[in-house]
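Colleague: I have the model open and would like to learn how to read it. Could you take me through it feature by feature?

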Protein chains: 2
Amino acid sequence: MLSSYLPLLKWARGYDRNVLAADATAAVIVTAMLIPQSLAYALLAGLPPEIGLYASIAPLLVYTLFGTSMTLAVGPVAVASLMTASAVGELAAVGTPEYLGAAIALALISGLLLMAMGVARLGFLSNFLSHPVISGFITASAILIAMGQLRHVLGVGIEGHNLLEQIISLGRHLSGINPVTAAIGVAVILFLVWARRALAPVLIRMGLPDKAAGSLARVAPVVAVIATTLIVWQFDLGAAGVAVVGDIPRGLPRPALPDFDPELWTALLLPALMISGVGYVETISVAQTLAAKRRERIDPDQELIALGAANIGSGISGGFPVTGGFARSVVNFDAGARTPAAGAMTAIGIALATLFLTPALYYLPKATLAATIIVAVLSLLDVGAIRRTWIYSKSDFAALAGTILGTLVFGVEIGIAVGVLSSLILFLGRTARPHIAVVGRVPGSEHYRNVKRHDVIATPGILSLRVDESLYFPNARFLEDQINAAIAADPAVRDVVLMFPAVNVIDASALESLEQINHRLGDAGIRLHLSEVKGPVMDRLNRTEFAAQLGGQIHLSQFAAEQAIMASRAAA
Amino acid sequence: MLSSYLPLLKWARGYDRNVLAADATAAVIVTAMLIPQSLAYALLAGLPPEIGLYASIAPLLVYTLFGTSMTLAVGPVAVASLMTASAVGELAAVGTPEYLGAAIALALISGLLLMAMGVARLGFLSNFLSHPVISGFITASAILIAMGQLRHVLGVGIEGHNLLEQIISLGRHLSGINPVTAAIGVAVILFLVWARRALAPVLIRMGLPDKAAGSLARVAPVVAVIATTLIVWQFDLGAAGVAVVGDIPRGLPRPALPDFDPELWTALLLPALMISGVGYVETISVAQTLAAKRRERIDPDQELIALGAANIGSGISGGFPVTGGFARSVVNFDAGARTPAAGAMTAIGIALATLFLTPALYYLPKATLAATIIVAVLSLLDVGAIRRTWIYSKSDFAALAGTILGTLVFGVEIGIAVGVLSSLILFLGRTARPHIAVVGRVPGSEHYRNVKRHDVIATPGILSLRVDESLYFPNARFLEDQINAAIAADPAVRDVVLMFPAVNVIDASALESLEQINHRLGDAGIRLHLSEVKGPVMDRLNRTEFAAQLGGQIHLSQFAAEQAIMASRAAA
């Protein structure tokens, strides 16, 4: 029991020197990758650079306690940072203490929501962020993020609330581009794109093992950070207008509960829910993918609790919302991490960097960080997935396209809302109209099949309908409509038989619909029968008056139903 | 095509003198019933009495054009009037022009919403107001309405935003009761309760036919209206503090579009949606019940358009929201109405009353109207339905109880929201966890059955799962979790076969989940197979790379799958 809430108790038992060595190696590589990323994503969220570092310490330690994935790396990620900027930007101006306070509160609220959902085992709700919606949202977010970072890469001001306005603003400000900044930014982008494609093969040719080469290639941003920092420092490019990270306060964050401001919390509730949902879906799919490779198991509801705890940890240590990052987790996995202890060691690495490395980052150009973001998010653009969705299902594509357009034109929150609502309505529309087949008997057998697909015999005066779905409130009235239409169309009908082999549940609404159907058919002189009702469904019906009020009978098989009806007619 | 939007074109063709006589008879009876009701429901909505009359003219004429039910009687009803009072009361004070304007705008907005939903064929959305939610909501509304009307019956002021506050307020004001008003009110209640139970049998004993007696008994409120009006006038009881209806402006309403006030319309959007939803559900269930008795057919989507048009008609003629009333429609039906023309004639009757009868209503005591409302709504309390729901399904009961409590404590809007959200979450929770059975072969056959229920043979190293539900985004990830758990539990598994005889749809999310499952199983050295995939599902899969990427094969039957796997193992 306790170990299901604290998975640490399970994996810590087998912890030995070998595992420690593996985890430590992975932690060194992930730390090197995470330092520039945490600074960059703080920049993307509109926050001071140290907030990115803070969000990479406590959350990782907390996840080590509660997480069920052996290799997931949590921390700041691109999409959640964009969503933070969007939510907090509506409430305060970048750079103000209110902006920072709201970002911290957002982490805390997200954490509480995630944890509450985990305890209530509501993880399934995240399924309502369907794949097309997530795919469309991430693609649109990547475009928005890349566009936003161009400002730093080019050293120019870009305004605008949506993509179009930003493009126009960029066009207007083209003459204001800072050439030195742009040179650094573009050079870093080119270097990172090259490293992503060609560095690993080069390292392999130099004799490194495949996995080590792949992991090292992911640390290319560190090379760019060091190189550009040295260049700016050496040639005093700050004087040439190159924006640098500047002073980062040294020292670890002090744990503190943010003030509870009911108005602020209310305003942040919906954004927090969206960040939680998107973050959880990303986290769980990365964790599942990595766990399956080693036949490990993750517990989706416990992951909610772990991610929630990580965000609460971020909030009370002055950080912003965190989730499980895809690229970082893959690096952690490939570098050989065996347990969540690798995450705790990464946290120690970041803490050491926060204590001792920050002065060295003074001359780090913002353009370098922006360039690393752009290269990272462009890999999130998945045009192939969009094309495949179009080919596979037009209604799924509609949800995807709606999400992309909504996000690009109206921003992340409306984009997600459009996606979720449109896919939910499409789903409910589908579920509200279950397949109901008129069936007839296959000649020479006791089997009944759809009259539209098979050559079968229908007995005059008997309407037999097979319902291919459980009956509950979304489709209860549809059944009423279908039966009303069918008996209005055929005045000869004297008996209606509903065949229920595929009906697993009849809820109270559907029961009332069946009572209505029975009552109305009775008024029109028609008897209602049921056949092939499953055991658990029958048990429930027996608690009601339904069987007693039924105009006809409940038969074990459709064949028995028809036999009995013919016999009763012959007797009458 | 045109006649599906204007059903009038269909039924008007067979219109003759016999039908005319039947419709006219019904119209006379319904008019007599509707005059006091329309005044009473205006009182309940906090509106001047003539607004009730206006809402009983244009909407009925409009419904005659668009309605598909031959016998539905639209007009003001109790629950919609309460909802109007609740929505408008938040925006303006009773008796102000703003209050009246908001009520009129509410009718117009509801009408536009209903019509838009009808054109978009979104009628199925109303199914999400499940029976338990509607049942709980109507019961709670009846209690709130009855409590609110006590004020008029007792001639005393009662304040409070919820039931408890109102009861306390009533207790405090007991000494202020106006004895004459209370005498009239209580007498009318007793008379109406007696009439409801015993008048029809008395009339039958006096020689009237059953149906006529039933219809006449429903007109008992008219007797109460005439008697109490005469008494108040004769004994000048207005001077004794008996509140009377007073001056009602004579003359028909003039059609006018209400001013468009964006702020007001935004505030009314959600209440309008709720009134539309509840009103439509009431309307459609009355219409279905009556139509089935005569084997007539109604078109649920066209009914949305008709009810929408009726509300637009109400809004532009100065009325408030209308719906199909249960009691009134039954009277119309029993009195022999054959076509919607009966409604048009009722409208003419109410118009004549508005022109010529209003002076006679000056001395009508408000206590009489309130008493008719109380007796009418108490028949909506359905304790039996609540008990039956408790016995039948605890989760349905939870939705019902939540709706009642939410409505009584927080008011109608929150009550409905609680009900809809709780039943939706219960439904989504159910749908997100479909039944997935591990199957094995029935000895001596080629059939496969659930290993938990049958004595079957499972081949070592093969995990066969039957999925008893279509696969789409709400349950896609559940399948991933189940398979991950199953293979983590049994390290001997080398092949997984998913049996899809009950899978009617695989949406893009589920396809991606299947790809993930295949990919992860492949990483763990396990092959994924499918069996018994339905034709339309296979057609879609063939548009993708899925079959090519599949670790295993797609087999026609589960038996063939096992044979092929065994053969491939023997060959290896």
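Modeller: Let's go from the whole chain to the contact between copies, and then to two single residues.

Modeller: This is a predicted model, so local features need pLDDT of at least 70, side-chain atom pairs count only at pLDDT 80 or more, and totals for chains, interfaces and linings use all residues. Residues are numbered from 1 along each chain as its sequence is written, with chains lettered from A and ligands numbered from 1 in the order in which they are written.

Colleague: How many helices and strands does chain A have?

Modeller: Helices (H or I, at least four residues) and strands (E, at least two) are DSSP runs, numbered from the N terminus. Chain A has 25 helices and 8 strands, and its C-alpha atoms fill a box of roughly 105 × 60 × 55 Å along the principal axes.

Colleague: What share of the 572 residues of chain A is buried?

Modeller: Buried means 20 or more other C-beta atoms within 10 Å of a residue's own, with C-beta atoms placed from the backbone; exposed means 12 or fewer, and partly exposed is in between. In chain A, 53% of the 572 residues count as buried.

Colleague: How do chains A and B relate?

Colleague: Where does Ser423(A) sit, and what does it touch?

Modeller: Ser423(A) is in helix α20 of chain A. Ser423(A) is buried because 29 other C-beta atoms lie within 10 Å. Beyond four places in sequence, its contacts include Pro132(A) and, from the other chain, Phe473(B). Pro132(A) is 291 residues away in sequence, but 8.7 Å away C-alpha to C-alpha.

Colleague: Is Gly75(A) buried or exposed?

Modeller: Gly75(A), in strand β1, is buried, since 31 other C-beta atoms lie within 10 Å. Among the residues that Gly75(A) touches, leaving out those up to four places away, are Ser38(A), Val322(A) and Arg328(A).

Definitions and conventions: Two residues are in contact if their C-beta atoms, placed from the backbone, lie within 7 Å.
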